[in-house]
2 protein chains.
Amino acid sequence: MVIGGDAAGMAAASQARRLKGPGELEITAFERGRFSSYSACGIPYWVGGDVSGRDELIARSPEEHRARGIGLRTRTEVTEIDLAGQRVRSRDLAVGTEEWTGFDKLVIATGARPRRPAVPGIDAAGVHGVQTLEDGQALLDSLATSAGRRAVVVGAGYIGVEMAEALLNRGYEVTVLNRGEQPMATLDPDMGRLVHAAMDGLGIRTVGSAAVTKILTDDAGRVRAVATDTGEHPADVVVLGTGVVPETSLAGAAGLPLGTHGGLLTDLAMRVRGQENVWAGGDCVEVLDLVSGRERHVPLGTHANKQGQVIGSNVGGDYATFPGVVGTAVSKVCDLEIARTGLREKDAREAGLRYVTVTVESTSRAGYYPGAAPMTVKMLAERRTGRLLGVQIVGREGAAKRVDVAAVALTAGMTVERMTALDLGYAPPFSPVWDPVLIAARKAVAAVRAAG
Amino acid sequence: MVIGGDAAGMAAASQARRLKGPGELEITAFERGRFSSYSACGIPYWVGGDVSGRDELIARSPEEHRARGIGLRTRTEVTEIDLAGQRVRSRDLAVGTEEWTGFDKLVIATGARPRRPAVPGIDAAGVHGVQTLEDGQALLDSLATSAGRRAVVVGAGYIGVEMAEALLNRGYEVTVLNRGEQPMATLDPDMGRLVHAAMDGLGIRTVGSAAVTKILTDDAGRVRAVATDTGEHPADVVVLGTGVVPETSLAGAAGLPLGTHGGLLTDLAMRVRGQENVWAGGDCVEVLDLVSGRERHVPLGTHANKQGQVIGSNVGGDYATFPGVVGTAVSKVCDLEIARTGLREKDAREAGLRYVTVTVESTSRAGYYPGAAPMTVKMLAERRTGRLLGVQIVGREGAAKRVDVAAVALTAGMTVERMTALDLGYAPPFSPVWDPVLIAARKAVAAVRAAG
């Protein structure tokens with residue numbers, strides 16, 4: 001039995017079905033919404049018009065899952081998990097009836113829910129989250145009927161900056177309200193500043209240190225402005241990009257172990273700690289950060305898919321593990337690419353690590369090759385050992401995926417010294433003769449030595 | 001003392017100068033040509049018109065080196081190395097005088113020389129190599145004066161395909177004559193076939209299994225056609241992309257150790273084996289292939305720069321090593337990107353390894369995201385251990401540099417199983433939710449298991 005019909009849940013169901021036929025394993029999955037296996041990460045591009053329609057974001061529909069022998073019940077919400085009785089209670093949202101269904105093995109993939117600022121007016125018409133396909137459709141409908149062209153995005157993380165781009169593409173005048181000083185708090189502030197400057201250049205107004213205090217509405221109850229402690233920002237539409245928290249209310253009520261970020265805690269096989277027959281994966285779990293050795297909440301479709309795959313293998317009688325993450329994330333605002341992996345300075349300090357940082361400016365191609373685009377690479381390395389701790393990259397074309405090199409190096413526990421000798425692809429259209437990541441590594445070696 | 005004023009030699013000189021001032025270390029460098037520290041890899045793009053002028057390819061001119069305290073003597077050819085006497089004989093090519101100069105430490109960076117087919121007519125007007133800036137200029141002059149628009153490129157390796165693109169960009173009708181069956185023998189033939197098909201699509205005619213037997217000339221002694229054992233190919237200009245061999249005649253004559261590929265053999269600090277005070281780097285050396293454990297000749301600017309840096313550190317009293325390569329190379333023909341790292345099937349067999357191969361088709365971005373381009377990834381893994389042995393990628397935008405992930409994994413000796421859990425950057429504009437390299441790794445895991 002699977003709770004949640006999106007990436008983790010359906011990847012688990014599909015993998016288990018690959019390993020065991022319907023005669024060996026019955027699979028029931030409950031999904032609150034109408035859709036299954038869709039790319040929530042694609043919603044900003046649908047809203048922005050890069051992706052033409054909702055259905056393009058759906059990897060596999062409920063009908064397709066059912067055709068593969070997975071009993072997926074949409075519009076059906078699980079309201080209680082009875083672990084001792086090995087059963088869950090569900091409500092059919094269409095007709096309102098409830099029932100109990102038994103399970104031998106349970107997969108919890110309840111995802112995450114948006115963090116909504118608890119301020120007056122937050123539920124007004126014209127204020128939108130962008131977590132589900134329903135949210136995306138509601139926002140598009142709202143854009144179609146909005147009187148003016150002023151948009152306010154609350155939050156300047158991945159979703160915030162992606163939605164700023166989307167609204168800009170739709171012809172809106174965009175203001176991003178950010179609690180922190182710089183956008184992209186997943187980067188160090190010095191790198192966030194580069195994003196800020198680029199957003200300015202794109203005509204996206206970013207207001208830092210701006211905590212939302214109230215949503216102001218017109219007589220019809222529709223948003224007309226967003227108030228912060230420092231001023232009011234007129235808005236015909238408001239998008240919330242204020243992050244998500246693990247949706248673990250059911251699991252918590254059932255007494256399952258939750259971590260400091262509110263996510264379920266599992267072992268490396270994605271089995272919930274202390275449980276024999278309960279697995280969990282996706283945005284509702286915490287994962288091990290292999291660099292800091294701590295648990296983190298990293299709601300990303302790519303992890304959800306991998307974890308689902310691992311769960312499905314184990315539930316289906318095979319064996320697989322999800323060893324953890326190194327914290328890789330990539331994004332973009334128009335043509336500005338933003339990437340990070342490993343620890344920020346703040347993370348390193350919190351983990352008790354002493355480190356050095358270096359920042360280098362380079363280009364995506366040989367400097368003389370047309371289209372060579374500037375790129376800033378920041379690297380953190382541990383003092384004494386020289387172990388790579390993290391990389392952040394902000395730049396144009398070709399910047400984001402370069403962070404993958406550092407992600408693999410982190411996974412392998414490489415030192416920056418060892419990285420200087422990495423045999424990375426070189427040809428003038430693809431890289432300077434010293435790849436920007438290697439230039440940073442060389443500089444980091446010197447910094448480690450100088451720090452003693 | 002440095003012999004050779006290009007990437008390896010001048011990187012060594014520059015790094016040594018950074019560590020030791022002119023009062024501590026005198027640096028003399030001999031360079032046969034007129035230029036120093038230039039990007040030979042950029043020549044195809046200069047010929048093709050992507051790069052506007054020769055000077056753009058020069059990273060540092062002789063004057064700039066001299067201003068940094070390096071006694072660079074251009075147009076001066078070393079004609080003999082006297083190891084016992086710790087001196088070299090050089091000839092000033094302008095005036096013809098010879099002299100002996102003593103050294104305490106010697107750096108050999110004599111590069112490579114083109115492999116020219118030993119056929120009648122090979123020295124005819126209109127037949128060009130593209131190894132030096134002088135070669136590039138001569139080819140451009142030849143194009144400016146050629147009567148017709150038919151070009152023949154001999155060889156279908158990196159330089160051959162890049163020159164085919166360059167000549168196409170210049171409006172030529174291009175025929176590529178290839179000794180092997182498929183272009184890009186640095187790939188397995190099944191991947192080379194994809195390059196062949198793409199070249200066909202671009203209007204570049206590729207003739208396989210075509211060994212050149214003769215260059216035919218007109219009455220003025222200018223090339224008019226290239227003859228192979230299967231036919232004649234009319235040509236107004238001919239470009240040789242037939243590869244290079246280490247230029248080690250001086251070193252060989254001095255009794256220094258050469259490997260099976262004709263390159264100098266060094267230790268990991270880039271010191272010539274058996275020598276106390278002689279170092280060598282760049283296209284004239286063989287390097288350790290970390291995957292096969294064998295020596296290879298890999299003439300690439302990026303290695304030359306790294307090796308030069310290592311030599312300069314060691315000569316300058318610091319310490320550094322060049323541990324070896326994993327065989328990464330990237331290239332492109334128009335918008336087709338070509339990349340490889342690690343072993344081909346042939347290499348694996350020659351190294352005595354048993355392996356499995358898998359090939360997957362994927363895309364550079366999420367399938368629904370505009371611009372998602374197809375990509376074919378082939379992966380080799382060792383039987384039993386599951387160790388990654390090699391990756392080849394052919395595709396469009398974003399394909400080439402993806403091979404870097406595999407290059408780092410090879411360096412770390414990762415298994416394909418471990419690779420499936422790599423935390424690579426994911427966002428719809430940059431990758432499908434399963435990165436193509438991860439999809440290949442998953443399939444390789446299954447293949448290793450199936451092979452037993």
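A salt bridge here is a side-chain nitrogen of Lys or Arg within 4 Å of a carboxyl oxygen of Asp or Glu. Keep that rule in mind for the first stop.

This is a predicted model, in which local features need pLDDT of at least 70 and side-chain atom pairs count only at pLDDT 80 or more, while totals for chains, interfaces and linings use all residues. Residues are numbered from 1 along each chain as its sequence is written, chains are lettered from A and ligands numbered from 1 in the order written, and side-chain values use heavy atoms, leaving out hydrogens and water.

**Stop 1: chain B against chain A**

Select both chains. Four salt bridges are counted between chain B and chain A. Zoom in on one of them: the side chains of Lys401(A) and Asp435(B) meet at 2.7 Å, N to O.

Between chain B and chain A, 26 residue pairs are in polar contact, both at pLDDT 80 or more.

α8 (301-315), β21 (329-333), α10 (403-411) and α12 (436-451) of chain B each give at least two residues to the side that touches chain A. By class, that side has 29 nonpolar, 15 polar and 15 charged residues. Nonpolar means Ala, Val, Leu, Ile, Met, Phe, Trp, Tyr, Cys and Pro; charged means Asp, Glu, Lys and Arg; the others, Gly among them, are polar.

How much area is buried between chain B and chain A? About 5000 Å², with carbon and sulfur atoms giving 62%. Buried area is the accessible area (1.4 Å probe) that two parts lose on being put together, summed over both.

**Stop 2: inside chain A**

Select domain 1 (2-113 + 244-315) and domain 2 (116-240) of chain A. These bounds come from an automatic or database domain assignment. The two domain centres, taken over C-alpha atoms, are 29 Å apart.

Domain 1 and domain 2 of chain A bury about 1500 Å² between them. Pick Pro44(A), Trp46(A) and Val47(A): in domain 1 they lose the most area to domain 2, together 39% of what that side buries. Here the rule finds zero salt bridges.

Technical notes. A polar contact is a pair of N or O atoms within 3.5 Å; within protein, one must be able to donate a hydrogen and the other to accept it, and residues adjacent in sequence count only if both atoms are side-chain atoms. Helices (H or I, at least four residues) and strands (E, at least two) are DSSP runs, numbered from the N terminus.
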